[in-house]
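Try each task yourself before you read its solution.

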Amino acid sequence: MNRREFLKVAGTGLAMGLIGQSSILKAQEKYDLVVISGEPAAATQKALEVMGGISRFVKKGQRVVLKPNMSFSRPPEFGCNTHPQVVVTVARACLEAGAAQVLVLDYPLGRGELCLEKSGIRDACKGLPNVRVLALEERKFFREVKVPQGKVLNRVEIMKDVLESQVLINLPVTKSHSATGISMGIKGLMGLIWDRKSFHFDYNINQALADLATVIRPQLTILDASRALVTGGPGGPGEVLKPNLIIAGIDPVAVDAYGVSVAPWYGQKFKARQVEHLLVAHQRGLGKIDIDQLKIFQGKV
Amino acid sequence: MRAFLQALSLFLFTLLFIFAAYGLPEWLPADLYLRLDPLLTLSALLAKKEYITRALWSIIIVGATIFIGRFFCGYVCPLGVTIDLGHFFFWRKIKFFHFAKDKVLRRLKFYLLLITLSAALGGLTISALFDPIPILTRFYTFTLYPLVITIFNLILDILRPLSTIFGWSTLQHSHYAQPVYYMSLITFLIFGLIIFLNRYAPRFWCRYLCPLGALLSLISPLGLFKRRVNQNCTSCLKCQKSCPMGAVAADPRQTHLSECIQCRTCAQVCPEKAISFLPKLSSSIAGEHASPDLSRREFLYGVPFGLVIASLTDRTPYTPLQGKSWLIRPPGAIPEDEFLKTCIRCGECMKSCVTNTIQPSLWESGLAGLWTPKLDLRFAACEQNCHVCGQVCPTQAIRALSLEEKNHAKIGTAVLRREMCLVWAENKICLICDEICPYNAIVFRTIEGFRRPVVIPSKCNGCGWCEQKCPIQGEAAIVVVPMGEIRLKDGSYIKEAKRRQLEFRPDPGDDKYILEQSGLEAEKESSPAATKPKGFL
C-alpha cells in the first residue's frame, strides 16, 4: 500500500466515522424520549434503534449491568416484574455491540431463586453467552460509597458489580407503589442497594430516592410499559392494564415522567409533578419532568 | 461386593436427601428410605389406626427379609453404613473384648421395639427417636446439611478474589442460602453418641439398641440365605471373633440367626473355607437359635411399660390444649391429634422447605410433639410457589397437595397488634405488611383520622410474609396465630375454603376501595389532595 492509497482509505474511514458519528449525535439530540408501541421484544428493538443503537452506550469489551425489576416470584402477567422479552432483547443487543459480559442483577424482595424462576427472566436469558441473571442477597456483594450530594443519605451500600461495571442500563416496569405512588426507574434503583429499610423508616423516602439517583446514574433507561400494574403495587396482585409501550431515554426523570402518563393510577390520572420523588429529583436537577416540553419520538411496530 | 452395595446405598440416600428440595419432580420419592422402613410405618399405622398408602412400600423390605434374611442391616441401612465407616476410621485397630453383659444388652433392642410398638398402640409415636432412618435423616438435615453449606460458602469466599480476577462470574456471585435449625446440636450429640458407642463393641447400636434391627430379626430366621458351616471347621473361633454382630454361637458351627446380618465376614476370615451362605430350602425354621432371647415374661413386661409411657406422655395439659395449639403447622398437616400420631419426626419437610421456615419443635407441644415440624414465621414465611413439604412426607402427616390446593390450606390468620404497630401506635408511615402480602389481605383504612393497616381475615391464609417482614424490633406487630387454620384428613381444601367463604385469589377491586379514602392524614380530606393515593402530591 502506498501513501496515496493509505490516505484515501484512511480518509474514507475518517469521513465515514464522522458521518456515522454525526448521525448518532443527531439522534441523540433529536429526541429526549423514544416511545414505541408494540410487542415487548420488537418494541424494545425498535426503541434501541431509534436511540441510535445500543453501541452508543455499550462499547466493545465492556461489562454491562442490566437492572430489571425481578423482585417478586410472580409470572409476567402480574405486572410486578419487567417483561423477560425486554431483558433478553437488551442483553442480546449488548452482546452484539461487543459487551464482554452482561450481568442481569436485582436484590429481590422475595426468595431470590424463586424470583428468577417465576419472573421468567432467567429462562429467557438461558443460552445467551456471557449473560448472567443473578439475585444478590448477601451483604458481601455490596460496597459502601459516599453520597456527596446527599441531603438525607450520606452513605449507601451499592452492589459492587454496579460500581465496577462500565455501563448500567435500567429496565424498570411501570407499576403502582403503596409508598411512593409509582415505582419505575428511579424507585427501581433501590434494588441495587443493601439497606432498603432505612429508606422507609429513617429517611424521607422521596428525598432519599433523589439522593440515590445522584450516585447511581444509568446511562440508559428502558421502561417496560407493556403492562402496568395500576393497583396493588409493587407486589400485586392488582389490576394490570396493557399500555403496550416501551419508553427509552437517557434522562431518568423524563422516562419515569412519561411512565406516569401512560395509565391511570388507582383509577386517577396523574401528572409526573404529582409524584413526589420525581418532583424532588427534578428540582435537584436530575432531569426534566414536564413531558409536554420534551421532544418525543413516537412509533409503532 | 458388600462395601460396594453399602456405598451405593449411602450414596442413594444422600442423593435423595439432596433432591428433597423445592423443584422436586412429582414422580421422585425423595422419602424412599423412610417409606421402606417397616418399623416407622408399622408404628404410624398402629398409632393412627388407619390405612396409610405410602406405608405399603415397607412391604418390600418385609418381604425381602422373609425371603433373604436380615440383609437390610448389612447392606442397605444407611446408618449401618455410617457406623461401619466410623468403625473403619476410628476403631479399626482396637481389640474388642467380649461383653460380659452382652446377652442382657442384646435384649435392649427388643425392649425398645416392644415399647415403641406398644406406645404406638397407645397413640404415641416414638419410633422416630430410636429408628435408624429418621435418626440419620435428622442428622443430615439439622447438622450435616447446614455444615456443608457453610463450608461451601467458605470455599466460595476464599475463591472469590480469584474468581473476580479471572472473571468466572458464576463462581464470583455464588452464595448458598445458609439453612439453620433449632436443634442442630442436640441432634449432633445423639448421632455422635451412636457412632461413639462402637468404641465398645462393633455395631454397638445394631447389636443392642436398634429397634428396626430387632423387628427385622424377628422375621429374618425364615430367610433363604443362612450361614452354614461344613465338616472342615476346626473350631478355631476366628469367625466368632470377627463377627461384627456377635452372631456366632459358642459352638462356632451354630449361628444366632436373628442376629446375623449376612455380612459374610466370617466366610472371608475362615482359614478352612468352611462357611457358606448358599441359599437352601430347609423344612424347619433353621432350628438353632432362631428366636430372639426374650422370654414371655419379659415380653409381658415390655408391652404394659410402653402403654404406660404412652399414656403418661399423653395425659398432660398439652393433649386437651391441642385444640388451642399455638403452633403453626405446615400447610396440609392433618388434624393435630392425628398429626402427632402420624408424624415420624424425620425432618424431611424441614430439609425440603424452600424458605427454611419449618423448624423442629422442642417442648412447645409437649413430649408427644418433640421434633415435630412447626413454622417459625418471624424467621421466614411460607412460600406461595412451593408445596414440597407434603411431597416428601413419608407418612403423609403433611398431605401431598397440588400448589392450588396447598395455597387454600390456611395455616393461620394474621393478627395486628395495634399497641406495637408503627402506624397504629406512632402514626409512622409504614406499609411493609401491605406491600408484601401476596393475597391482598392487608388494607389501609382511615380510622380516627389516620390511615391504618387492617387485616381481612377471610383473605389471609397465614403465610406469614407480614410477620417476617414487620420492621419493628423483637416480636412482630403483626403475628400469625393458628386461628382459622384448615386441617383436613382428606378432601379438598379449595372446597373447604369456599365453604368457609375464604378468598385467597387476587382481587384487584379491593385496593381501589382503600385508596378512595387514602391520604395519610384525614385532616387533609377537605383538600383535593386527600383523595389521592399515597406518594402522589
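**Exercise 1. Find how confident the predictor is along chain B, including residues 283-287.**

Step 1. This is a predicted model, so begin with its confidence values. Over residues 283-287 of chain B, pLDDT stays under 50. The model gives this stretch six contacts beyond four places in sequence.

Step 2. Now go to residues 507-530 of chain B, where the pLDDT is also below 50. That stretch has 46 contacts in the model beyond near neighbours in sequence.

Step 3. For the model itself, the scores are ipTM 0.71 and pTM 0.82.

**Exercise 2. Work out how helix H3 (residues 38-48) of chain B is oriented against H7(B).**

Step 1. Take the geometry: the two helices pack at an angle of about 30°, and their axes are 7 Å apart.

Step 2. Apply the cut-off: angles under 35 degrees count as roughly parallel. Therefore H3(B) is roughly parallel to H7(B).

Step 3. Look at who meets whom. H3(B) brings Leu42(B), Ser43(B), Leu46(B) and Ala47(B), while H7(B) answers with Thr116(B), Leu117(B), Ala120(B) and Leu121(B). Sorted by type, the residues of this contact are six nonpolar, two polar and no charged.

**Exercise 3. Decide whether Arg264(B) and Trp371(B) are buried or partly exposed.**

Step 1. Locate them. Arg264(B) sits in the loop between helix H14 (238-242) and helix H15 (265-269) of chain B. Trp371(B) lies in the loop between strand E3 (358-360) and strand E4 (373-375) of chain B.

Step 2. Check the backbone. Arg264(B) is not a glycine, yet its phi is positive, about 70°. Trp371(B), not a glycine either, has a positive phi of about 70°.

Step 3. Count neighbours; 20 or more within 10 Å makes a residue buried. Arg264(B) has 17 C-beta neighbours inside 10 Å, so it is partly exposed. Trp371(B) has 22 other C-beta atoms within 10 Å, so it is buried.

**Exercise 4. Describe the side of chain B that touches chain A.**

Step 1. Count the residues: chain B supplies 28 and chain A supplies 38.

Step 2. Name the elements of chain B that give two or more residues: helix H10 (169-172), helix H23 (432-436) and helix H26 (509-516). H23(B) gives the most, with four residues.

Step 3. Sort the residues on this side of chain B: 13 are nonpolar, eight polar and seven charged.

Conventions:
Residues numbered from 1 in each chain as written. Chains lettered and ligands numbered in written order. Predicted model: local features only at pLDDT ≥ 70, side-chain atom pairs only at ≥ 80, totals over all residues. Contact = placed C-beta atoms within 7 Å. Nonpolar A, V, L, I, M, F, W, Y, C, P; charged D, E, K, R; others polar. Axes fitted to C-alpha atoms, helices over the stretch in contact; angles between N-to-C directions. Parallel < 35°, antiparallel > 145°, perpendicular 65-115°, else oblique. pLDDT = per-residue confidence, 0-100. Buried ≥ 20, exposed ≤ 12 C-beta atoms within 10 Å, placed from the backbone.
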